[in-house]
Amino acid sequence: MRFVDLIEKKKQKQPLTKEELHFFITGYVRGDIPDYQVSALLMAIYFNGMNAQETAWLTEEMLYSGDVIDLSAISGRKCDKHSTGGVGDKTSLSLAPMVAACGAKVAKMSGRGLGHTGGTLDKVESVNGFQVMRTQEQFISQVNDIGLALIGQTATLVPADKKLYALRDVTATVNSIPLIASSIMSKKLAAGSDTILLDVKFGEGAFMETSDKAKELAEAMIAIGSHFGKDVKALISNMNQPLGNAIGNALEVKEAIATLQGKGPEDFTQLCLEAGSIMLMQTGIARDEENARKQLLEVIQNGKALEKLVAMVAAQEGDVEQVLHPELLPQAKEILEVTSREEGYVKELHALELGTLAMKLGAGRMVKEDPVDPAVGIVLNKKDGDYVNKGDILAYVHINHPLPQHWLEDFYQTYVFTQEKVEKQKLIHDIIR
């Protein structure tokens, strides 16, 4: 078999066979196929797509390119959740403890951030001492003991995805539905859970620009789940403005803790309750959405959700006092109040630009070697639909260094005002069951 023939087939819009995809992935992981040939195939896939069967086979080959975690030693149904990422997305830090406090087993593997948003691992590492790397035995034992673990992916998990993603990133082939779907699902399936909830975001701060594209991606991932006999469901949510108010690692941890205390932002709380309800129904803990929501609200009100986060932090060697007293989390040297120069209703709030501005403060990475400053970031005080007077505080900017040149002017450009009343944007657009 010649790799150039695979490139030619996909260039001609023909589907690849299971054997050809096996040849592709195994050969590339071994180093037998050069980057320039794989780049050509990725570009052909980007333009001509893959059918559902091809995408499932590609996922399968990626999945078995490395270790697959066996969670059968964990009693009960194991659930997992994945977000396609966005600005201010700290969902796992609140959602996982809420669901675990209701009796679910949450075995969560997460990643780091690259670009305009921090990853879940970067956020939990704001807690002093928190250990994200655990052996498989420690991972399984912790989920059995307290129902919850949040760890980093091992180097031996889906090595094909690591190689392919790095190449996609530098060849402008990231934004392809079959390539995104196979990348996400290979990692989720390798992590071993019985049920998976996907939060597929759309808008300028997300992979998918429109809700229709997000739905297409969600359906592709659900189809992959069906191929493997897994219960996969999806939320379609809006990322045209940041989720919640906080953008930045320790700031987002504080907001997640506040949400577990029933004091979180309305939009973020809504997403956690909606996602948590689906996860509880997937695991059989709740019979319907009403019952699930009641259970989730109860563990927030009685403090058990926060207790579950504390138990996880303790089990992973983090400083529990920083969870119980969030003011002990990393603090910036200075907090600047940014006041409005205009008045009117907030018509738009550009999430991508806000994420980029937070990254420039040190909250994210331009390249993977960049350090992340856990203390810095932005806390929004006004969002879409809010009325703003001149001089009102738009946001609090947490900094450890002087603002970069033009930073403040760029910040003002993220807000678009109108004199006409604006309805708040709908957060959850669809649920794909």
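**Sheet order and a domain interface**

Visitor: Which residue of β11 stands opposite Gly377?

Guide: This is a predicted model, in which local features need pLDDT of at least 70, side-chain atom pairs count only at pLDDT 80 or more, and totals for chains, interfaces and linings use all residues. Residues are numbered from 1 along each chain as its sequence is written, and side-chain values use heavy atoms, without hydrogens and water. Four bridges join β9 (residues 377–380) to the antiparallel β11 (residues 393–399), strands being DSSP runs of E, at least two residues, and helices runs of H or I, at least four, numbered from the N terminus. In β11, the residue opposite Gly377 is His398.

Visitor: Which are the edge strands of the open sheet?

Guide: Four strands form the open sheet with antiparallel pairing, in the order β6-β9-β11-β7, where pairing requires at least two DSSP bridges. The strands that pair on one side only are β6 (246–247) and β7 (334–339).

Visitor: Which three residues supply 51% of the area that domain 1 buries against domain 2?

Guide: By an automatic or database assignment, domain 1 spans 1–48 and domain 2 spans 76–322. About 1100 Å² is buried between them, 79% of it from carbon and sulfur atoms, counted as accessible area (1.4 Å probe) lost on putting the two parts together, summed over both. More than any other three residues of domain 1, the contributors are Tyr28, Leu42 and Tyr46.

Visitor: How many salt bridges are there between domain 1 and domain 2?

Guide: A salt bridge needs a side-chain nitrogen of Lys or Arg within 4 Å of a carboxyl oxygen of Asp or Glu. Between domain 1 and domain 2, the count is zero.
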